[in-house]
Amino acid sequence: RDQIVSHYLALSREDDEAKGIRLPDVTMLVWPESAFPFILTRDPVELARIGAALPGNTTLVTGAAREVDLPESNGRSARSVYYNAIEVIAAGGTLLGSYDKIHLVPFGEYLPLDGLLRRLGLRNFVSVPGGFEHGRTRAPLMVPGLPPASPLICYEAIFTGEVGLTAGVDMRPAYLFNITNDGWFGITSGPPQHFAQARLRTIEEGLPLVRAAATGTSAVLDARGRSLGSLPLGAEGVLDADLPRPASPPLYTRIGEWPLLFGGALALGWLVVLRRVFPRKLTSRTLNPLKSLN
């Protein structure tokens, strides 16, 4: 744990004279999903190290597993539950907020039909007692000095229509914030495909994207999906970019998938009508190949 935290801190403190990057000038410092092999908020020593390294105007937003203790209730004994989370940490190690992943990966982060499948010897890939719990609300991610963001962990960014804030939140986010651990895929076509799907969400929503990926691709995209800077697959480094402005809500964002569904239903209805009106013309006929040759 010490080596991993030290490595992230060393990268974060790097000054790039050619680009003029200095940590005190950075509003938001981003580390990817699964940055720590331990529960950060339960480790005061490491949390203090990170807090001491952050300048007063810099906020760290990082992926981290989160543990919550549940008291005894309804006949169930006291227990701990775990979330795949985003943590917002200010200078001094103060926790400003968090987001718990809503759309978990089946068999990866939780086991469907848990009781039955565990009796058969199956386990989820992530070694967490009982698997991760689902988050409930995609509330805006608030970072001091920045507008609200829609938080997305890993493959939550690939689902059309799910990247906005949870229904009932009367606010359009100013950008999409996506952290992921693509180390699962190795150096394959998986990470580029994952990044391409996240990029498509920016175009659908008219919102910029800030993306930090373990092993890549990390990038900052504008509201039209154009890259303002990126770190490619397998590269280690520091990416510095200004936060782009959102665009006006595109047509898809305003009306959703209703035109597509309506058009599909209309086409299906029209085919049914044609088949009833012209049954013989729409009925396929099988030709005898020998007879055709004659």
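In the predicted model, the side chains of R211 and D182 meet in a salt bridge, with N and O 3.5 Å apart. Because R211 lies in strand β7 and D182 in the loop between β6 and α4, the pair ties together parts that are 29 residues apart in sequence. R211 is buried, its relative accessible area being 2%, and D182 likewise counts as buried, at 0% relative accessibility.

By the rule applied, the count of salt bridges comes to nine. Among them is the bridge between R1 and D43, whose closest N and O atoms are 2.3 Å apart; this pair links distant parts of the chain, R1 belonging to the segment before α1 (2–13) and D43 to the loop between β1 (28–30) and α2 (44–53), 42 residues apart. R1 counts as partly exposed at 49% relative accessibility, whereas D43 is buried, with a relative accessible area of 10%.

R42, E67 and D69 are linked in a network of salt bridges. Within strand β2 (residues 59–70) lies E67, which counts as buried because its relative accessibility of 16% is under 20%, while R42 is partly exposed at 42%. The side chain of E67 also makes a polar contact of 3.4 Å with the side chain of Y82, and, once neighbours within four places in sequence are left aside, E67 is in contact with I39, R42, S80, V81 and Y82.

Helix α4 (residues 190–205) comprises 16 residues and reaches 23 Å from its first C-alpha to its last, close to the 22 Å expected. Its buried residues, including F195 and R201, pack against β6 (175–181), β7 (209–214), β8 (218–221) and α5 (251–255). Just after α4, G206 adopts a positive phi of about 65°.

Terms used: Residues are numbered from 1 along each chain as its sequence is written. This is a predicted model: local features need pLDDT of at least 70, side-chain atom pairs count only at pLDDT 80 or more; totals for chains, interfaces and linings use all residues. Side-chain values use heavy atoms; hydrogens and water are left out. Helices (H or I, at least four residues) and strands (E, at least two) are DSSP runs, numbered from the N terminus. The expected span of a helix is 1.5 Å times one less than its number of residues. Buried means under 20% relative accessible area, exposed over 50%, partly exposed in between (1.4 Å probe, protein chains only). Contact means heavy atoms within 4.5 Å. A polar contact is a pair of N or O atoms within 3.5 Å; within protein, one must be able to donate a hydrogen and the other to accept it, and residues adjacent in sequence count only if both atoms are side-chain atoms. A salt bridge is a side-chain nitrogen of Lys or Arg within 4 Å of a carboxyl oxygen of Asp or Glu.
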